[in-house]
Amino acid sequence: MYYLLCTMFLLVGTLTQHGLWSSGASDKNKAMVQQLQRYGVIKSTKVAEVMETIDRGLFVPPGGSPYFDSPMAIGYNATISAPHMHAACLELLEDHLQPGMRALDVGSGTGYLTACFALMVGPEGRVVGVEHIPELVASSTENIKKSAAGPQLSDGSLGIHIADGREGWPELAPYDCIHVGAAAPQIPEALIEQLKPGGRMVIPVGTVFQELKVVDKKLDGTVTVRDETSVRYVPLTSKDAQLQSN
C-alpha cells in the first residue's frame, strides 16, 4: 500500500516549505525524482531511471509547474496526473513492463506515462496510447518526439491513436500491462478481455469515491481485483461528455 494521498500532502507541504519544489524554484526533473525516492514513493531503481530520463517538463503545457506534485490541467477538461501517481503506477506495473512486452495506456493525455512505458518495454516491445481528443493526440505526439522515447515513435514500437479508451485497442491485444488514466464507474469488460493471462491492469474506479484498483489476470484466465488506495481522477467517459463537463 502506498498511502498516496498522505504522501502527496507530505511532499507538497515539506518541499514547498523548504523551497525545493515550489513554483519558480527547482525545475529539475532529476530533483523531482530524487525527492520521490527520499519520501519512499519510488522504490524501484528502474522506475527512477525512467522518470529521470523522460523529462516531465516536456509534457506540461506552458505556464504550468511540471515538477510540483500535483495534477495539472492540460485542456479539454483533462489533466496530467501528479508525479507521485505516475511513480506509483509505474511501480505497480514494473513487472509487466519488461523488455519485449506490450502495454496499453488508456486516456494517454499528454503522453508522459506512455513514453515511460515505451522506455521500459524497449523497441522490441509495443506500447499503444489511446486518447479520444484529437488535439491531445497531436500535442502528445509532439511531446513524445522531443523526449527520449521519440525514436520509438519512428520505429513503430510506440503509437498514439484516436479512440474511445473504454474499448481499448484490440488490434494489438492481448497486453501484458494496461493503465487507465481516468476513473471508470466500473471496470470495462473490453479491457479485461484485452489483458493477457499473467498480465496486470491498474485502473481508478468510482464516481464520488474512487479507488485505484489492481486487476490481475492469472494464467488460467481467472481475474482478481484488489484496492490499492483512494484516489481522485477525472472521469472516463465519452468525448462529448468530457468536453461538456464543468
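Trainee: Which residues of helix 5 are buried?
Mentor: Buried means under 20% relative accessible area, exposed means over 50%, and partly exposed is in between, with a 1.4 Å probe and protein chains only. Helices (H or I, at least four residues) and strands (E, at least two) are DSSP runs numbered from the N terminus. Helix 5 is mostly covered, with nine of its ten residues buried. The buried ones are Y112, L113, T114, A115, C116, F117, A118, M120 and V121.

Trainee: What kind of model is this?
Mentor: Residues are numbered from 1 along each chain as its sequence is written, and side-chain values use heavy atoms, with hydrogens and water left out. Local features need pLDDT of at least 70, side-chain atom pairs count only at pLDDT 80 or more, totals for chains, interfaces and linings use all residues, and the model itself is predicted.

Trainee: At what angle do the axes of helix 4 and helix 5 cross?
Mentor: Two packed helices are described by the angle between their axes and the distance between the axes. The axes are lines fitted to C-alpha atoms, for helices over the stretch in contact, and angles run from 0 to 180 degrees between N-to-C directions. Helix 4 covers residues 83–93 and helix 5 covers residues 112–121. Their axes come within 11 Å, and the crossing angle is roughly 35 degrees.

Trainee: Which residues of helix 4 and helix 5 make the contact?
Mentor: Contact means heavy atoms within 4.5 Å. Helix 5 contributes Y112, L113, C116, F117 and M120, and helix 4 contributes H86, L90 and L93.

Trainee: How many residues of this contact are nonpolar?
Mentor: Ala, Val, Leu, Ile, Met, Phe, Trp, Tyr, Cys and Pro count as nonpolar, Asp, Glu, Lys and Arg as charged, and the others, Gly among them, as polar. In the contact of helix 4 with helix 5, no residue is charged and one is polar. The nonpolar residues number seven.

Trainee: How many disulfides are there?
Mentor: A disulfide is a pair of cysteine sulfur atoms within 2.5 Å. C89 is buried, at 1% relative accessibility, and C116 is buried too, at 0%. For C89, the nearest cysteine sulfur is that of C177, 9.4 Å away. The count of disulfides is zero.

Trainee: Is E131 buried or exposed?
Mentor: E131 sits in strand 4, which spans residues 126–131. Leaving out neighbours within four places in sequence, E131 is in contact with G107, S108, G109, L136, V137, H161, I162 and A163. Its relative accessible area is 7%, which means that E131 is buried.

Trainee: What is the phi of Y76?
Mentor: Y76 is in the loop between strand 1 (72–75) and strand 2 (78–80), and N77 lies in the loop between strand 1 and strand 2 as well. N77 is not a glycine, yet has a positive phi of about 55 degrees. Y76 is partly exposed, at 36% relative accessibility. Y76 is not a glycine either, and its phi is positive, at about 60 degrees.

Trainee: Which peptide bond is cis, with omega near 5 degrees?
Mentor: The proline involved, P174, is found in the loop between strand 5 (158–162) and strand 6 (175–180). The cis bond runs from A173 to P174.

Trainee: What distance separates the C-alpha atoms of P188 and R166?
Mentor: P188 lies in the loop between strand 6 and helix 8 (189–194), and is buried, with a relative accessible area of 12%. Not counting residues up to four places away in sequence, P188 touches R166, I203 and L236. P188 and R166 are 22 residues apart along the chain, and their C-alpha atoms are separated by 6.1 Å.

Trainee: What share of the residues of the chain counts as buried?
Mentor: The chain has nine helices and nine strands. Among contacts between residues at least 6 apart in sequence, 59% join residues at least 24 apart. The chain has 246 residues, and the buried share is 53%.
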